[in-house]
Amino acid sequence: MSQLTFYLIQLYIKWGKRKMPKKRKSGGRSKGSKGRSKMVQCGSCGAQVPRGKAKRVTQYKSLVDWSLGKELRAQGAYFTRQRVDKYYCISCAVHRRIVKVRSKITRHQKY
Ligand SMILES: [Zn+2]
């Protein structure tokens, strides 16, 4: 085996071991080393998204009308609010400005 072919084989092995660059350390998910996460439905487009990848938004909604509730609250009434959990896929979350597109530098910043 000549020196050149030996060098080329070594280079080939080195390239084979190369990994593709990762855009995000977590792969855009929050599951960590867990295997599979359950699927949830996007509240906007209806897509099936893994729970670790979806964005959860919690809203508290009052069942009483705002103007009526304001008058009754002034008289000392108390209303319970209904908690509404919604999941959004990433594209819908970006569209609704729940998450923002970040540059490469800010993506790799540690908080
Ligand atoms: Zn969606």
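This is a predicted model: local features need pLDDT of at least 70, side-chain atom pairs count only at pLDDT 80 or more; totals for chains, interfaces and linings use all residues.
Lys-61 belongs to strand β3. Along the chain, Lys-61 and Gln-82 are 21 residues apart, yet their C-alpha atoms are 5.1 Å apart in space. Is Lys-61 buried or exposed? Lys-61 has 8 other C-beta atoms within 10 Å, and a residue with 12 or fewer counts as exposed, so Lys-61 is exposed.

What does the rest of this strand look like? Strand β3 covers residues 55-62. The number buried among its eight residues is zero, so β3 lies largely in the open. Its pairing is with β4: the two strands run in the antiparallel sense and are joined over eight bridges. You can pick out one of these pairs by looking at Thr-58, whose bridge partner in β4 is Asp-85.

Now step back to the whole chain. The protein contains four helices and four strands, and reading along the sequence gives the pattern α-β-β-β-α-β-α-α. For its overall dimensions, picture a box of roughly 95 × 30 × 25 Å along the principal axes, filled by the C-alpha atoms. The radius of gyration is 25 Å, whereas a compact globule of 111 residues would have one near 13 Å. Of the 111 residues, 7% count as buried. Among contacts with a separation of 6 or more, 52% come from residues 24 or more positions apart.

Where do the buried nonpolar residues gather? The largest nonpolar core has eight residues: Val-40, Val-49, Ala-54, Tyr-87, Tyr-88, Cys-89, Cys-92 and Ala-93. Two elements give two or more residues to this core, namely β4 (81-88) and α3 (90-95). As background, nonpolar side chains in soluble globular proteins tend to be buried together.

Helix α1 takes in residues 3-16, and its 14 residues reach 20 Å from the first C-alpha to the last, close to the 20 Å expected at 1.5 Å a residue. The number of buried residues in α1 is zero, so this helix lies largely in the open. Helix α2, residues 66-74, is hardly covered: among its nine residues the count of buried ones is zero. Just after α2 comes Gly-76, with a positive phi of about 100 degrees.

Two residues further along deserve a look as well. Arg-97 sits in the loop between α3 and α4. Arg-97 is not a glycine, although its phi is positive, at about 60 degrees. With 7 other C-beta atoms within 10 Å, Arg-97 is exposed. Continue to the segment after α4 (104-107) and you will find His-108. His-108 has 11 C-beta neighbours inside 10 Å and therefore counts as exposed. How far is His-108 from Ser-30 in sequence and in space? The two are 78 residues apart in sequence and 16 Å apart in space, C-alpha to C-alpha.

Note on methods:
Residues are numbered from 1 along each chain as its sequence is written. A nonpolar core is a set of buried Ala, Val, Leu, Ile, Met, Phe, Trp, Tyr and Cys residues joined through C-beta atoms within 7 Å. A residue is buried if 20 or more other C-beta atoms lie within 10 Å of its own, exposed if 12 or fewer, and partly exposed in between; C-beta atoms are placed from the backbone. The radius of gyration is taken over C-alpha atoms; the globule rule is 2.2 Å times the number of residues to the power 0.38. Two residues are in contact if their C-beta atoms, placed from the backbone, lie within 7 Å. The expected span of a helix is 1.5 Å times one less than its number of residues. Two strands pair if DSSP finds at least two bridges between them.
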